[in-house]
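Colleague: I am new to this model and would like a close look at one part of it. Please start there and carry on to the rest.

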Amino acid sequence: MRKEVFVPLEKIERIQVYVNTRRKTLAQIMRETGADYGINGTLYNLRTLAVNCHLKADGKVLANPAYTVAGYAWDDGPDIRMDMLPNSARNYIACTPLIVSGRALAKLTYDPGQGGKRGRSAMGIKGGSLALYCSRDGSGDVRTPEALRNDLAREGWESAIMLDGGASSQCDFQGSRIASSRRVQHYILVCLKRGGCPYPEPTALVRQGSSGSGARWVQWQLQRHGGDLAVDGAFGAESDRTLRAFQQAFGLTADGVCGPVTRARLRADREEKTLRSVLFAAASQIGVTERPSGSNKVKYNTAYYGREVSGSAYPWCVTFVWWVFRQAGFSLYKTASCTALVERYREASPGQIIQQGYRPGDLVFFDFSGHRAKTEHVGIVESVAADGTLTTIEGNTGTGNDANGGAVMRRTRRPGLVTCGIRPGYSGE
């Protein structure tokens, strides 16, 4: 038995790597998430549940083996493409490449345990569609990896990777299923566009401690507006922080309670490249720290470099700003250096360099000696007091070390510490 589907990319709302921490069946997960298509993911250790191949879910790297390989990367879903992994995409997955750039690979590289005739799962791209394939273990459609490659190549798949197989091979394609008793470590879920959120809008208040579909609705809407949080139906501290940041950025009462007024604002179209979107993305991260302390190991660096990094060579005040602007829909010049960012604007857009009259949304560069000669740190202006004092949101700062403190914080700064600023071009200005 085998199942095969082709989902037009323009019809996809999102593709999700669902980490199965609670050991649910695929049927349970499909009901919980409202996904239209689901299939098992890549290889993992059955005893420890550690993932063996490159895998990144919603910005979090779950496996980072010491090699590069062709796999699939995407931020939301419709943008999925084959690329070399690891990279800076928000999500990616790899296993065994079968077809790359329209060419079936002559020699396949896989673990001996993946060999032989077994049930198989695969994903790929064909004719502008996401292609998904699954065959049942022990059925007449078992294949060797090479036979699977040949089948997909004959069908015209332009690129493909083999996923985990054997007893792990399982799928649910809009109710057409291949079931397995194995509850695998993670699944690939695909949700189609429906003109809105796949979860029902709640009628009750949602706040920290809430759970279920109402919590998922709020989390999904916050994520749609640029929030960086999981849509897991458990409205915890991270969801509360993100909701409060959204409420503050959009002029609502920042009480962490999602009632009718906040729900109405969440339903509205996302405001990309706007000041409020940037301030929301920045404020939603307040409290995030590098782990372990002093390591510079933090998700903003992981997103920027496409892999986990640590050590003194990776300060992250600028990569935090780059991450915030990407969340808000901007394409900011990619650099990890304060000086390089300022010089890029001096060369390309000198009119956006400012040295006074700072206002919310400006990037401000600090010289903590007060000489205004260096650019050793950067922050995003959140508000300006009547006396010119700045409230900023900064990455890699702290009360004990202004420019390398290891946390995202809201800070109060004297304008005399600012060497210069950059005023991005926000929509509506």
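Colleague: Which residue follows H8, and is its phi positive or negative?

Modeller: Gly 329 follows H8, and its phi is positive, near 100 degrees. This is a predicted model, in which local features need pLDDT of at least 70 and side-chain atom pairs count only at pLDDT 80 or more, while totals for chains, interfaces and linings use all residues. Residues are numbered from 1 along each chain as its sequence is written, and side-chain values use heavy atoms, with hydrogens and water left out.

Helix H8 spans residues 317–327 and is mostly covered, with 10 of its 11 residues buried (under 20% relative accessible area, exposed being over 50% and partly exposed in between, with a 1.4 Å probe and protein chains only). Among the buried residues are Trp 322, Trp 323 and Gln 327. Helices (H or I, at least four residues) and strands (E, at least two) are DSSP runs, numbered from the N terminus.

Elsewhere, five strands form an open antiparallel sheet in the order E2-E16-E3-E14-E15; two strands pair if DSSP finds at least two bridges between them. Strands E2 (12–19) and E15 (176–178) are the edges, each pairing on one side only. Within the sheet, four bridges join E3 (residues 37–40) to E16, and Ile 39 has Ile 188 of E16 as its bridge partner.

The loop between E16 (186–192) and helix H3 (213–224) holds Ser 210. Ser 210 counts as buried because its relative accessibility is 18%. Apart from neighbours within four places in sequence, Ser 210 is in contact (heavy atoms within 4.5 Å) with Leu 205, Ala 215, Gly 233, Ala 234 and Phe 235.
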